[in-house]
Amino acid sequence: ENNNPSSVGTRAVARIRRACSDMHAFIEAALLLSREEESSLQKTSSTQLCELLQQILEDMQPQIDAVKTEVELHCEQPVRLLVPESICKILLGNLLRNAIEHTPGGHIELTLSSTRLTISDNGYGIAEKDLPRIFERSYSSKPDGTGLGLYMAKRICVDHQYAVDI
């Protein structure tokens with residue numbers, strides 16, 4: 001890896017730009033959820049999933065390193081979705097953040113096929129009694145959680161006719 005100052009600075013600026021884009025996407029999704037309508041979201045743009053997953057993993061590397069978790073990404077073939085990148089970032093970011101937070105010192109594997117993205121881990125899992133509620137608005141198993149991450153993920157999938165399950 002190239003560690004010269006200009007290369008490091010360029011990567012830092014790129015991460016800052018992505019963070020700003022992510023904040024904009026989060027606000028857009030929050031507005032969607034609060035209004036219960038789709039008018040603010042375009043369904044005409046598309047996203048290349050493997051490239052986006054690689055970018056999200058790069059951005060989340062500090063969190064991954066902090067919990068000493070190994071993450072593997074397997075893209076069996078390129079997949080393009082007719083969903084705006086900002087919305088895909090929210091969906092994938094929420095799912096990955098959840099896996100990272102619940103798999104300290106473990107292993108997470110992402111496998112992208114032509115019809116499915118599977119995120120599996122050897123983390124401590126979700127209590128059986130909590131499973132029916134994990135996609136509910138405001139439900140969180142964490143004391144400081146907002147209960148919006150998986151709710152947003154579910155809403156995005158439903159709005160774009162995709163399935164999400166545990």
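1. Gln 161 counts as exposed, at 68% relative accessibility. Here, exposed means over 50% relative accessible area, buried means under 20%, and partly exposed covers what lies in between, with a 1.4 Å probe and protein chains only. Gln 161 sits in the segment after α5, and its phi is positive, about 60 degrees, although the residue is not a glycine. Helices (H or I, at least four residues) and strands (E, at least two) are DSSP runs, numbered from the N terminus.

2. This is a predicted model, in which local features need pLDDT of at least 70 and side-chain atom pairs count only at pLDDT 80 or more, while totals for chains, interfaces and linings use all residues. Residues are numbered from 1 along each chain as its sequence is written, and side-chain values use heavy atoms, with hydrogens and water left out.

3. Lys 68 also deserves a look at its backbone. Its phi is near 55 degrees, a positive value in a residue other than glycine. Lys 68 belongs to the loop between α3 (61–66) and β2, and with a relative accessible area of 66% it is exposed.

4. Which cysteines form a disulfide? Cys 50 and Cys 75 do, with their sulfur atoms 2.0 Å apart; the rule asks for a pair of cysteine sulfur atoms within 2.5 Å, and by this rule the count comes to one disulfide. Cys 50 is in helix α2 (residues 49–59) and Cys 75 in strand β2 (residues 70–75), so the bond ties together parts that are 25 residues apart in sequence. The torsion about the S-S bond of Cys 50 and Cys 75 is about 95 degrees, and the disulfide is therefore right-handed. Cys 50 is buried at 12% relative accessibility, whereas Cys 75 is partly exposed at 28%.

5. Cys 157, in turn, has its closest cysteine sulfur in Cys 88. Cys 88 is buried, with a relative accessible area of 3%, and Cys 157 is buried at 6% relative accessibility.

6. Helix α4 (residues 85–101) can be checked for length. Its 17 residues reach 23 Å from the first C-alpha to the last, close to the 24 Å expected at 1.5 Å a residue. The expected span is 1.5 Å times one less than the number of residues in the helix. Helix α4 is mostly covered, since 13 of its 17 residues are buried.

7. Over the whole structure, a search finds four salt bridges. The criterion is a side-chain nitrogen of Lys or Arg within 4 Å of a carboxyl oxygen of Asp or Glu. Among them is the bridge between Asp 130 and Lys 129, at 3.2 Å, N to O. Asp 130 is buried with a relative accessible area of 12%, but Lys 129 is exposed at 66% relative accessibility.

8. Another of the salt bridges joins the side chains of Arg 133 and Glu 136 (3.1 Å, N to O). Arg 133 is partly exposed at 39% relative accessibility, and Glu 136 is partly exposed with a relative accessible area of 34%.

9. Arg 155 and Asp 159 also meet in a salt bridge (3.4 Å, N to O). They are four residues apart in helix α5 (residues 149–159), so about one helical turn separates them. Buried or exposed? Both Arg 155 and Asp 159 are buried.

10. Ile 126, Leu 131 and Ile 166 make a nonpolar surface patch of about 270 Å². Patch residues have over 30% relative accessible area and no salt bridge; like charges are joined within 9 Å, and nonpolar side chains (Val, Leu, Ile, Met, Phe, Trp, Tyr) within 5 Å. Accessible areas come from the Shrake-Rupley method with a 1.4 Å probe, and for residues only the protein chains shown count as cover. Ile 166 is placed in the segment after α5 and is exposed at 67% relative accessibility.

11. Strand β4 (residues 107–112) and strand β5 (residues 117–121) pair in the antiparallel sense over five bridges. Two strands pair if DSSP finds at least two bridges between them. A hairpin of four residues joins β4 to β5. Across the pair, Glu 109 stands opposite Ser 120 in β5.
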